[in-house]
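Visitor: I would like to learn how to read the strands, sheets and ligand sites of a model like this one. Could you take me through them in turn?

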Amino acid sequence: MVNLTIDGKEVAVKEGTTILKAARFAGIKIPTLCYHERLNPIGSCRMCIVEIEGLAHPMTACNTPVTEGIIVTTDSPRLQKMRMETLKLLLVKHPLDCPVCDKGGECTLQNLIHEFEIEGTIYQAEREDRESLYPTPLIHYWPDRCIMCLRCATACREIKGLGAIDIDGSGFNTSITAVNRDKCESCGECIQVCPTGALTENLGRYKGRPWMVNRVMTTCTYCGCGCQLEINVFNNRIVGITTKDDIGVNKGSLCVKGRFGYEFIESEERLTKPLIKKDGRFHEASWDEALGLVAEKLKGIKASHGADAIAGLSSARCTNEENYLMQKFMRAVIGTNNIDHCARL
Amino acid sequence: MAGLATAFGSGAMTNPIADVLKSEVILVTGSNITENHPIFANYVKEAVLKKGVRLIVVDPRKIDLVDYASIWLRPKPGTDVAWINGLLHVIIKENLHAAEYIKERTEGFEELQACVEKYNPEYVSEISGIPSSDLINAALTYGKAKPASIMYAMGITQHITGTDNVKSLANLAMLCGNVGLEGGGINPLRGQNNVQGACDLGALPNVFTGYQPVANDEVKQKFEKTWGVDSLQSTVGLTVTEMFNATEEGKVKAMYIMGENPLLSDPDVHHIEHCVKSLEFLVVQDIFLTETAEYADVVLPGVSFAEKDGTFTNSERRVQRVRRAIQPRGEAREDHWIICELSKRMGYHMDYGSPSEIMEEIRTVTPSYAGITYERIEKEGIPWPCPGEDHPGTPILHLERFARGKGLFSAIDYKKPAELPDKEYPFLLTTGRVLEHYHTGTMTRKGKALNMLYPELLAEINPEDAVGLGIESGDFVTVASRRGDIKVKTIISERPDRGVIFVPFHFKESPANILTINAIDPIAKIPEYKVCAVRVERQKDRTGD
Ligand code: SF4
Ligand code: SF4
Ligand code: SF4
Ligand code: SF4
Ligand code: FES
């Protein structure tokens, strides 16, 4: 164990722990922008600076390991001023588009600006429409909003093992760009970790503000991984999918199907009424008519040919409860064990 | 998953996926996990990149995961038993098997040993095309690792020898004492999201919920009592493939199909089409008018996962909540509502206030789900078996002993696939999925997002074969088997081996399953999707019209 003092509090942590983690462990909050729980420290934003007694310059807490006996200060007028400068520097090229930005309301940058009470317009850059070189058409990259924290590229490399994107250029023209376009799997991991509105889903914009949408935690409908995801609902419409970093086998990750494959739910081609075929063509019917007809036909066939003349296929896409009822229906109501599903396939 | 059930007494994933981070070696075979189980693939990549775990990939296709592998074996499709027996042979010869574990926890080792005697690396190389030095290398790597885990999917099961393939993998895992411990195990990855749940809940012709046999009197009586009926059948019913065959013979007159689209997903589509047409009455319940629904007499509109409450069980056996996010579209209704209403009209009352009440009933009749309540899984799912409300669930199976008592080795000989290439049909066809689409495409092909990325079917063909056929990427070819033919656009790719063409099966314009063969594994009844013989010819005008 290593002993240290943070803001007058004595803390003991395991060797190799960073100052940031030690502070969080002690219940002390240090502002951060680029640090992300699931990623190795990036150390790009300098919001997390702290003073260490005996050292002239502040150190970044997210990637500095603790050492025995150090005395750390996380809050001082000097640190506050430096952090403020860091933020202001970001805002020189960052337009405060908050009212029309998808991230407004849950943006780390916006929150920090609020916390540091930065007022007035600092934005100076000429807004030029730079062509986005992002590797997937499903994600829109807003170069002006990007604070170059590198969470996206780090996540793509560390979590996905792909490295499809990286930082490119210098000064005002720095941006995130595709370095390995073919590797991109359109998984949206980069959107999930981006602390700002620099990456947004490209399936539609202005679909609902974060504080207006209702987020319902559920299980993905596609594959057996069983990822946990939140369906974002606004006015009974699905406006997006989000995840929580600490929930489920996926811990915040999804694949392209889970994150972007929700449009089918609201497809115009969805069946909305029971259909009965007459003379080779389908006609809309009421539930009573349709169910009545099915019951009558099944009863008839059971009476004349026996229960085993009827077979049922249940579904690997339906819930457990529905599968249970389907086999119960075939066994208890029809009276046959002719029940299967396509899992073998 | 009959193979695993024979070997261990249970057919599910033995370990949670996160366990691969604790493995020394991971062997992945017949599973293109980066595309089919992308999040599980994240774990495998993390294990390799961050934990230094060594990865062995055995796959006829050069799948993306090969980039992360220390060893890649490329067997000819359909030769799985041979190469696995080859590994067993080398491991035993090198004395790397877990003698103590074998003695205490398994049976049938002597027969196995005798059987694999002849599978020396040279012999296996002849059958599988795997160089003997590579095979030995893989055997030593897997054999020396402790613990090592195995993952497989439909590339292993979709063969007429599917059950044999799985039993062979079980042999390998047990031989090295890798079942029943952290970081080890043998893990079948389930394709569709709730395959595990559908099996668990008794959507199978031979078992009730929790794999309780329909032929067992005690079990039968329990269900009769709970359901309030006199005489449930004790004879095993028909499997999906048998059902369709029975319609042709006139034995099955009516079918009720919920949420499946066999007309695109099942092998030999022409045959299925004929079967469906010969039915007297067909009810299809789905969210879209699928190819199968087109043939229905009555179509009942169900709802998507976003419009219903319930649970799914993932591949790790974890029972997790599904929650309603939006109201059903139009007059569409939850499948559970539809079944209850239909049941009522047939004179049997199913009354449930909500899906959680259905779960309450499931718990009372299903020992492995007995401790699972909606309350308990509100935040986090629980992996079965979970026999009581104070039981935490079981992430790792077979810890102290196998579900069947002793693990059973099976001595298995290699058998050739049902149909191999010949003069007339010189190519091997294999079918499968791509990342952007899902199963028969009924869901993934309806929105713009996924179609933007993968708009049309692309059949993969090896560069050397492309030269032979005189085609370039983007050209159209006709792929013909003894059962039918389809026209497809091609992409030249290193992924398939020479002589092999890969066709994804999500696309109704060119249904790959017109070509596939209706030969099934005699035990698991899984059709042989992965191997059949075809002829490939260039379309003259190159446009596909
Ligand atoms: S990224 Fe954040 S701070 Fe910038 S415009 Fe969007 S909401 Fe405002
Ligand atoms: S979508 Fe996924 S693969 Fe593509 S750049 Fe973002 S993180 Fe990387
Ligand atoms: S896109 Fe987002 S995550 Fe990536 S560098 Fe810019 S702000 Fe950071
Ligand atoms: S998000 Fe992707 S990996 Fe996760 S369950 Fe859905 S389909 Fe599977
Ligand atoms: S959080 Fe430490 S440098 Fe960004």
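Predicted model: local features only at pLDDT ≥ 70, side-chain atom pairs only at ≥ 80, totals over all residues.

Visitor: In strand 16 of chain A, which residue is the bridge partner of Gly312(A)?

Guide: The partner is Ile339(A), and strand 15 and strand 16 (residues 339–340) of chain A run parallel, joined by two bridges. Strand 15 of chain A is also joined, by four bridges and again in parallel, to strand 7 (residues 254–258) of chain B, where Ile257(B) is the bridge partner of Leu313(A).

Visitor: Which way do the residues of strand 15 of chain A point?

Guide: Ile310(A) and Gly312(A) point one way, Ala311(A) and Leu313(A) the other, and all are buried, that is, under 20% relative accessible area with a 1.4 Å probe and protein chains only.

Visitor: How is an open sheet read from its strand order?

Guide: In chain B, an open sheet of five strands has the order 3-2-1-5-6, with parallel pairing. Strand 3 (71–73) and strand 6 (186–188) of chain B each have a single partner strand, so one side of each is left without a neighbour in the sheet. Strand 5 (residues 148–152) and strand 6 of chain B pair over three bridges in the parallel sense, with Ile186(B) as the bridge partner of Ile150(B).

Visitor: Which chains surround ligand 4?

Guide: A residue counts as near a molecule if one of its heavy atoms lies within 4 Å of it. Residues from chains A and B surround ligand 4, so the site is shared between chains; among them are Cys220(A), Tyr222(A), Pro38(B) and Ile39(B).

Visitor: How do the residues around ligand 2 divide by class?

Guide: Ala, Val, Leu, Ile, Met, Phe, Trp, Tyr, Cys and Pro count as nonpolar, Asp, Glu, Lys and Arg as charged, and the others, Gly among them, as polar. The shell around ligand 2 has eight nonpolar, two polar and two charged residues, including Glu185(A) and Glu189(A).

Conventions:
Residues numbered from 1 in each chain as written. Chains lettered and ligands numbered in written order. Heavy atoms only, no water. Buried < 20%, exposed > 50% of the residue type's maximum accessible area, 1.4 Å probe, protein only. Pairing = 2+ DSSP bridges.
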